[in-house]
Amino acid sequence: MITKNTRYGQGVEQYQARLIAVRERVNAASVAAGRDPSEVSILVATKTQSVETIRTVFALPEASGMLRGENRVQELVAKGPDLVDLQARTELIGPLQSNKINAALRWVNGVSSVASRELAQAMAKRLDPARVLPVMVQVNVSGEETKSGVAPAEAMAVASYCAELPNLAFRGFMTIGAHSDDEAVVRRGYAKLASLRDRAESLGIGEALHLSMGMSNDLEWAIAEGATIVRVGTAVFGPRDAVR
Ligand SMILES: *Cc1c(COP(=O)(O)O)cnc(C)c1O
């Protein structure tokens, strides 16, 4: 699979510069929020990117410690065999249909996008009994109809359900922020996710809980509200083809 993306003049130096810029944004936002920058991990969303591009980016020392995320199962599975030796944890960050569970779980270290008890149960049933899969519950904090995720009012119940399944390890909450330029609106959603995490912690549901929130255009707002994982695509790869 060689789909060189030359349209935007992408080269190794450009990826390197963008990774450095993202890391600097994360560091600055963490410091501004009175947080330790090492609390915030960077997940690189590699949708539409070729195996070659993904390898190029993750071979860079600047990408060390970063995670990789795929939101489309079809792409995750197609690229899986060519990326088995990638030195990065891979997360599914998009919807999973029950008939694709076996295929998908083969290529991930964790699932950030559990959006129902049924999916949690179906994954637990299909997992190798020796395997414990870290999962996060995806919450639709904005209530926008186009967004997947459980309603905030149901999030705790789904989280504790995941935590009780023997081969799932509940590790926190994920959301896609409100589609808005209004800082107050977007941050209110992130604050809601943070309050769910706080409640889960106080109830002893799961451990080492993460907050996966914030993308290329709003990661500062998410970090101000407590994000421990920010997910960036365009900040690293440049604009995606509109058709995909
Ligand atoms: C693509 C994607 C991202 C990254 O989005 P950018 O705006 O390109 O940074 C983050 N999260 C999910 C679930 C995605 O699908």
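This is a predicted model: local features need pLDDT of at least 70, side-chain atom pairs count only at pLDDT 80 or more; totals for chains, interfaces and linings use all residues.
**Exercise 1.** Find which residues are around the ligand, and sort them into nonpolar, polar and charged.

*Solution.* The shell divides into 5 nonpolar, 4 polar and 3 charged residues.

**Exercise 2.** Work out which residues have polar atoms close enough to a ligand oxygen for a polar contact, using a limit of 3.5 Å between N or O atoms.

*Solution.* Take the side chains to begin with. In Arg240, a side-chain N or O atom is 2.8 Å from a ligand oxygen. For Asn71, the corresponding side-chain distance is 3.2 Å. Then turn to the backbone, where a polar atom of Gly233 lies 2.9 Å from an oxygen of the ligand. Now look at the ligand's surface: taken alone, the ligand exposes 380 Å², and the protein buries 90% of that. Last, check the site itself: the space taken by the ligand is the largest pocket.

**Exercise 3.** Decide why the protein's radius of gyration agrees with that of a compact globule.

*Solution.* First, describe the fold: the protein has 9 helices and 8 strands. Its C-alpha trace spans about 50 × 40 × 30 Å along the principal axes. Then compare: a compact globule of 244 residues would have a radius of gyration near 18 Å, and the protein has 17 Å, so the two agree.

Definitions and conventions: Residues are numbered from 1 along each chain as its sequence is written. Side-chain values use heavy atoms; hydrogens and water are left out. A polar contact is a pair of N or O atoms within 3.5 Å; within protein, one must be able to donate a hydrogen and the other to accept it, and residues adjacent in sequence count only if both atoms are side-chain atoms. Accessible areas come from the Shrake-Rupley method with a 1.4 Å probe; for residues, only the protein chains shown count as cover. On a 1 Å grid over the protein atoms alone, a cavity is a set of points where a 1.4 Å probe fits but cannot get out, and a pocket is an open set with protein on both sides within 12 Å along at least five of seven lines; lining residues have an atom within 4 Å of a point. A molecule sits in a cavity or pocket if more than half of its atoms lie within 2 Å of its grid points. Ala, Val, Leu, Ile, Met, Phe, Trp, Tyr, Cys and Pro count as nonpolar, Asp, Glu, Lys and Arg as charged, and the others, Gly among them, as polar. Helices (H or I, at least four residues) and strands (E, at least two) are DSSP runs, numbered from the N terminus. The radius of gyration is taken over C-alpha atoms; the globule rule is 2.2 Å times the number of residues to the power 0.38.
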